[in-house]
Amino acid sequence: MKSKMLRLLALILCFATLAAFVACNDGGEQETEQTTDTTTGTTEGTTEGTTEGTTEGTTEGTTDGTTESTTSGVEEETEFVKPEITVEEGDGVATVTTTKGLSYTVSGYEKVNGTSFVFYSGLEFNFSADTFSEKFNRLTLNYRSNAPVHIYVTYANHIGEETVADFFVEKGEGDFSGLILDYLNKKTATSITKIVVDTCENKKASFTLYHVSTEKIKCYTGSYGNTKYYINNDRFKLGVDMSWGGAICHIEDLQSNIEGLGNLVNKHDEGRLVQQSYYGTPAIPGVYEPGESFDSKWVYNPVQGGDQYGNDSRIIDIVVTDTSLYIKAQPQDWSLNGAITPSYMENHYILHEDYIEVKNRFVDFSGWTHPITNQEIPAFYTVSYLDTFVWYDGIDPWTGGELSSRDDLNFWGDPQYAADCRFLLRESNTESWCAWVNEDVNYGMGVYVPNADAYSAGRYEYNGSKDADDDGCGYVAPLKKLRLVSYEALEYSYLIATGSIEDIRAIFKENKDFTANESLSRNSVSMRLPDGDLDLQHMDFSNEEYCGIFTNPNNTTFEYDATEQALKCTVTGGDPYAAIEFGASQTVYNAESFGTIEVVYMIPTTNSTTNYNMELFLSTGSTASAVGGKSVTGQLIADGEYHTLTLSVANLPFWSGKINQIRFDYFSGAAEGDVIYVKSIELK
């Protein structure tokens, strides 16, 4: 059994910096491997009916000849092929026949619109008992829907018992493929008798079922309950764990000659690995209540590997080719016990000659409104032997400039080290890769994520171990601050390379344009720092360059106003604020050197009210980001004239040590559209 794991960074991650997770053992499963070996040209474990040259998302052995689903999100788009169907209406029950020879009845609809059935919920498709008499473990729906839907498929399991498997299907048209619930147990099913469709958005929808096909594919797991699966080429051996949502549990450089160093990924438990993980809403009264993790109230947190109690994620679909794996998984909610989330994670792993490419896709079907918060893209855990963190921190990317490194990082989840474990990139820095290496032998593993804004990195229980199951590990998460939007796909890709730091950098440079990761720019705000190391003691916003110093804006816009020669802050929602990252400056600012903070401002008389308060959250010493109770407030005057607000900080008990961040909450209460102009912020 897996033992209970730790989960780290609590709400610091969800609402300020990042959450990360570490934990205990993975139960020591046997390493009986099932492997696709491309060096010999043979493929163990290929799916029945698969032909060479297929790509992820294709349906091995399918009998209907249809093309890739619009919901797979990983293949190049091809023309959608669907059979013709005829609909004969009766007394509330319609009979459908297709040119593929399939016949079924439909009920629970409001009306028929051509070949589509308009309904609110409970649209039901019924099949005769002998329609699907052959054994299968994978089914494919050929469909069209004008809204995201939740589908329930009733079939007979391997012992003839009626079983219902549910699936989420995106808006659009194409093929959706799903595995039966007992797929990983090497079981099969027969006799689909019913498919029920509900809407996800609780409103009228239109749905067409063109065809249903079934097939029996190979179960890509090892023997004796081992759920790992491996592919390799001449350079890499890559392994995933099917019970952990297909997350990467093994990366081995087959050309490395370092004695005793095999797997570079720490797989101590389902909270480690290389995997997708996202952060969403806190509690929604009467609708959703997250649990606790690491003694903190958590948030909605789909985690590919499973939850903190050891419950596994569900495999929805899998496709294997000689040099790639495509896996769709339904993740668990980290803080809850066995609460599968209404979301899908798609992972496409591709082996190249000298690097590994990973394509990730995430769709949330909860329908909830999520906040903008830091997201791990991805969570990336390494063996403790790789002890030094390396990245490029300049403003002249891909020119071979000097790299930065840290061989003294501590546990990123400890508040006293959190600020020291966070690295924000400069505005012009597109060289957004980082690596964990062993400096003594100049060898390691790097990850390159175009359009990332920052890193959170650190070491847990550092001991220099080469053991992938050891509790000690290294960690990094490239970060983007963005909002998850229900039913909208979030997609990003990244590269993994191994070798010397020079080799890793060269590989990433050669392939730097492989993707722009545009999806990461939707529903997001920048965390990046300005290129220059500005004087943060005297912030003069009549100089337009200073208007870019703010990071992590929340419900606000910042822009330079040429007429006022000042920073214009405009409220776009509740609780407007942004942060000034002192800790990222090359200059160290000590709190004890300053006794007051002065803000020169003007509030127009056209604002919604004349009563405002400003609050500055002061993060110093071991405090990395805004914390309740560590702030100073002052009353503002809204009369269209410039005023100086003087805030005394000298006698505050928490105003000591290095200044890490000041969060600028310019209005503690305001209406959307309210404005304040700021001429300067000065520490005196």
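User: Which residue in strand 31 is the bridge partner of Trp436?

Analyst: A word first on what you are looking at: this is a predicted model, where local features need pLDDT of at least 70, side-chain atom pairs count only at pLDDT 80 or more, and totals for chains, interfaces and linings use all residues. Strand 30 (residues 433–438) and strand 31 pair in the antiparallel sense over six bridges, where pairing takes at least two DSSP bridges between two strands. Within strand 31, Trp436 has as its bridge partner Met445.

User: Which residue of strand 34 stands opposite Met445?

Analyst: Strand 31 also pairs with strand 34 (residues 490–499), in the antiparallel sense over five bridges. In strand 34, the residue opposite Met445 is Thr498.

User: How many residues of strand 31 are buried?

Analyst: Buried means under 20% relative accessible area, exposed over 50%, and partly exposed in between (1.4 Å probe, protein chains only). On one side of strand 31, Tyr443, Met445 and Val447 are buried, and on the other Gly444, Gly446 and Tyr448 are too. Strand 31 spans residues 443–448, and the number of its residues that are buried is six of six.

User: How many strands does the protein chain have?

Analyst: Helices (H or I, at least four residues) and strands (E, at least two) are DSSP runs, numbered from the N terminus. The protein chain has three helices, and its strands number 46.

User: What share of the contacts between residues at least 6 apart join residues at least 24 apart?

Analyst: A contact means heavy atoms within 4.5 Å. The chain has 684 residues, and 58% of them count as buried. Of its contacts between residues at least 6 apart in sequence, the share joining residues at least 24 apart is 72%.

User: In which strand does Arg138, the partner of Glu215, lie?

Analyst: A salt bridge puts a side-chain nitrogen of Lys or Arg within 4 Å of a carboxyl oxygen of Asp or Glu, and the structure holds 23 of them. The side chains of Glu215 and Arg138 form one at 2.8 Å, N to O, and both residues are buried. The pair links distant parts of the chain, 77 residues apart: Glu215 is in strand 13 (residues 205–215), while Arg138 (residues 138–145) is in strand 8.

User: How many residues apart in sequence are the parts that Asp241 and Lys228 tie together?

Analyst: The side chains of Asp241 and Lys228 meet in a salt bridge of 3.5 Å, N to O, and both residues are buried. Asp241 lies in strand 15 (residues 236–241) and Lys228 in strand 14 (residues 228–232), so the pair ties together parts whose separation in sequence, in residues, is 13.

User: What is the relative accessible area of Asp665?

Analyst: Asp665 and Arg663 meet through their side chains in a salt bridge of 2.8 Å, N to O. Arg663 counts as buried at 14% relative accessibility. Asp665 is buried too, with a relative accessible area of 4%.

Terms used. Residues are numbered from 1 along each chain as its sequence is written. Side-chain values use heavy atoms; hydrogens and water are left out.
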